[in-house]
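I opened my notebook for a first look at this structure. Come along while I jot down what I looked up.

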Amino acid sequence: MTAPDSWVPFRLPFQLSLYLLAIMTFSFLIHLCSWFPTARKRLPSPNAMDRSPSPSKASTTERGMWTVNSAGRLGNQMGEYATLYALAKMNGRQAYILPEMHQQLAPLFRITLPVLSSDMVQNIPWKDYGLHDWMSEEYRHIEGQYVRLTGYPCSWTFYHHLRQEILQEFSFHDHVKEEANRYLAGLRGQRRNVTYVGVHVRRGDYVQEMPKFWKGVVADKAYLEKAMGYFRAKYQEPVFVVTSNGMEWCRENIDTSLRGDVYFSGDGKESSPGRDFALLAHCNHTIMTIGTFGIWVGYLVGGETIYLANYMLPDSPFLKIFKPEAAFLPEWIGIDADLSPLRRGTSG
């Protein structure tokens, strides 16, 4: 009866082998899972893919959001837009404009900066950064991811290095160009070598404010005669297109009887700023008086520009916030203002 006794030594090694095989199999499976740990987790569901952020939002988070206050009239708005465009690019930030600025500029120009919604404007923790009216070195290194530029910047020193881009931003819509060119064509008459000269005469509130607050004057009749005389002497058949927010004064002080080369926009009545601006910007040359409206006309036209120079007394407080050399391009032609009415206590 030795058979049962002989099975015992054989059975124990066999059971031990099965046990070791089971352990090895289990270990292999665990090791295999470690090679592919999160394969299922890396495959998002369709719903999860729908909720993923868009590239534009991601880039906004990385680059931040810069904007500028929307203050003043058309010329101010253009200066603020161009300054924001240049400084944001200089500092590697994405520029956005406020809805109010878009409402003023978009009807005229093919501007491309994106527009912030009213809700976003209210919810973003803006850092206000005040600007003076000329470029400074510190503006190349403005700190902050959410910056709102403030002030009334309107100086070529901010954006002249991007002139072609700025001109593209302020290119007119086709229907605006067509209306302006159609009006100018109607003034040609029998002239063969016509040269259009846009004339902007800034009056309105400036007539009282310049002598009262800034020790300055507005353009007078003599200045306009000198400026127009320059173009009459240089060009064979100039045509002067006059726009103003003081058309009654213009009709009384600009002589139209001698040469028949002066035309008042809107039949001598004050027109809309946008229409006047488009008309002047499609002329060949510019006569401006004072103000950002005329400065931008001269900048966009690109021809010869004559401006009223030295129209404030040396102790004018305005000269603390305004640098003429930063407002008027070096190649523009300045004609000195007559300050004698200011010294006598009369102006306008």
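**Before starting.** I reminded myself that this is a predicted model.

I looked up how helix α4 (residues 74-90) sits against helix α14 (residues 292-301). They pack at an angle of about 60°, and their axes are 7 Å apart. That makes α4 oblique to α14. I also noted that the α4 and α14 crossing is left-handed. Next I listed who meets whom: from α4 come L74, G75, N76, M78, G79 and A82, and from α14 come T292, F293, W296 and L300. Sorted by class, this contact of α4 with α14 holds six nonpolar residues, four polar ones and no charged ones.

Which residues touch the most other members of the largest nonpolar core? I found F109, Y159, F170, F277, I287, W296 and Y311, out of the 87 residues in that core. Helix α4 supplies the largest share of this core, with nine residues. Setting aside residues up to four places away in sequence, F109 touches L74, M78, E169, F170, S171, F172, H173, F277 and L300. A general note to myself: in soluble globular proteins, nonpolar side chains tend to be buried together.

I turned to helix α9 (residues 174-188) and helix α13 (residues 273-281). Their packing angle is about 65°, with 9 Å between the axes. Therefore α9 and α13 are roughly perpendicular to each other. The crossing of α9 and α13 is right-handed. In α9 I picked out V176, E179, A180, Y183 and L184, which meet R275, A278 and L279 in α13. The residues of this α9 and α13 contact divide into six nonpolar, no polar and two charged.

Is V68 buried or exposed? V68 is buried, because its relative accessible area is 1%, under the 20% cut-off for that word. V68 is found in strand β1 (residues 65-68). I looked up its contacts, leaving aside neighbours within four places in sequence: V68 is in contact with E80, L84, Y96, L98, M101, R148 and L149. I also checked V68 against D128: they are 60 residues apart in sequence, and their C-alpha atoms are 8.9 Å apart in space.

Conventions
Residues numbered from 1 in each chain as written. Predicted model: local features only at pLDDT ≥ 70, side-chain atom pairs only at ≥ 80, totals over all residues. Heavy atoms only, no water. Axes fitted to C-alpha atoms, helices over the stretch in contact; angles between N-to-C directions. Helix = DSSP H or I, 4+ residues; strand = E, 2+ residues; numbered from the N terminus. Parallel < 35°, antiparallel > 145°, perpendicular 65-115°, else oblique. Left-handed = near helix turned anticlockwise from the far one by under 90°. Contact = heavy atoms within 4.5 Å. Nonpolar A, V, L, I, M, F, W, Y, C, P; charged D, E, K, R; others polar. Core = buried A, V, L, I, M, F, W, Y, C linked by side-chain atoms within 4.5 Å. Buried < 20%, exposed > 50% of the residue type's maximum accessible area, 1.4 Å probe, protein only.
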